[in-house]
Amino acid sequence: MTDASSSPDKAPSFEMTWGSSASSGYCSEEEPDSEFEQFFTARTSFFPKDEQIECGKQELTTADIQQKVKEYNAQINSNLFMNMNKDGSYTGFVKVQFKLVRPVSVPHPKKGGHDAPGRKASGVKRRTSFYLPKDASKHLHISSRTSAREVIEALLKKFTVVDNPGKFALFERSERHDQVYVRKLSDDEHPLRLRLAAGPNEKVLSFLLKENETGEVNWHAFSMPELKNFLRILQREEEEHIKQIVQRYALARTKMQEALAGSTPG
């Protein structure tokens, strides 16, 4: 954990602890969540008068922040404390859960770190795609000035994910009156400020990394190897569907012919 009072004007540093390992590699496609979720845009209220959002955006005095940080630290049972900086900003931890349905891409591992003798580099960057475990999560050590977009970029960097960061979005999740609410954060919101405003209770507020669903798939955001892989998957699915349909009609035809053969003319 970095010193909370050092280099306030430098770019925010990120530290990470493992919530779970992603080394389990491949896993099956994620099943839909059983819980009821309601999705809202960043400008839509799911608390009365957007009280939690406004509280996270509200400019507090240094004294107010110090009091809130003190109250926050008194509620946690770990060493994931928040710390004040001399310039009025503060640092702390946010936990982000991965809720990704599609696989992510990482650089293809190099064999021995060198190309084979006598072979020239092709210039093509190879990638490996795999599904992250459903229960993967990360703790990021960030500043109150760190934006949601910077959190996404830091998470992808730590996982060595080479996909376009624009494919992903950060969401906040809250449980209220036996209902689950999920809201997409805008790129310029500050997750640590929201964390401080909500307190450390994960039911009151937690953060999720999900695909950035905009209604349509932006195929131009994918690389050439990814698009070719998608086409191969589509072809396999199409062939499987055709095979199932042919078998279904063949079975129906066989049953009809057996019925005709066993019946006597009326």
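## Aromatic contacts around Phe159

Lys138 lies over the face of Phe159, with 4.7 Å to the ring centre. A charge counts as over a ring if NZ of Lys or CZ of Arg is within 6 Å of the ring centre and within 35 degrees of the ring normal. Lys210 and Phe171 make another such contact.

| Charge | Ring | Distance to ring centre |
|---|---|---|
| Lys138 | Phe159 | 4.7 Å |
| Lys210 | Phe171 | 5.9 Å |

This is a predicted model: local features need pLDDT of at least 70, side-chain atom pairs count only at pLDDT 80 or more, and totals for chains, interfaces and linings use all residues. Residues are numbered from 1 along each chain as its sequence is written, and side-chain values use heavy atoms, without hydrogens and water.

A search of the whole structure finds one aromatic pair. Phe98 and Phe159 form this pair, edge-to-face, at 4.9 Å centre to centre and 85 degrees between the planes. Rings of Phe, Tyr and Trp (its six-membered ring) pair if their centres lie within 6.5 Å; planes under 30 degrees apart are stacked, over 60 edge-to-face, the rest tilted. The pair links distant parts of the chain, 61 residues apart. Phe98 is in strand 4 (residues 90-98), and Phe159 is in the loop between helix 3 (148-158) and strand 8 (168-176). Helices (H or I, at least four residues) and strands (E, at least two) are DSSP runs, numbered from the N terminus.

Phe98 is buried at 3% relative accessibility. Phe159 is buried at 9%. Buried means under 20% relative accessible area, exposed over 50%, partly exposed in between (1.4 Å probe, protein chains only). In helix 3, the buried residues include Val151, Ile152 and Leu155. Just after helix 3, Thr160 has a positive phi of about 55 degrees.
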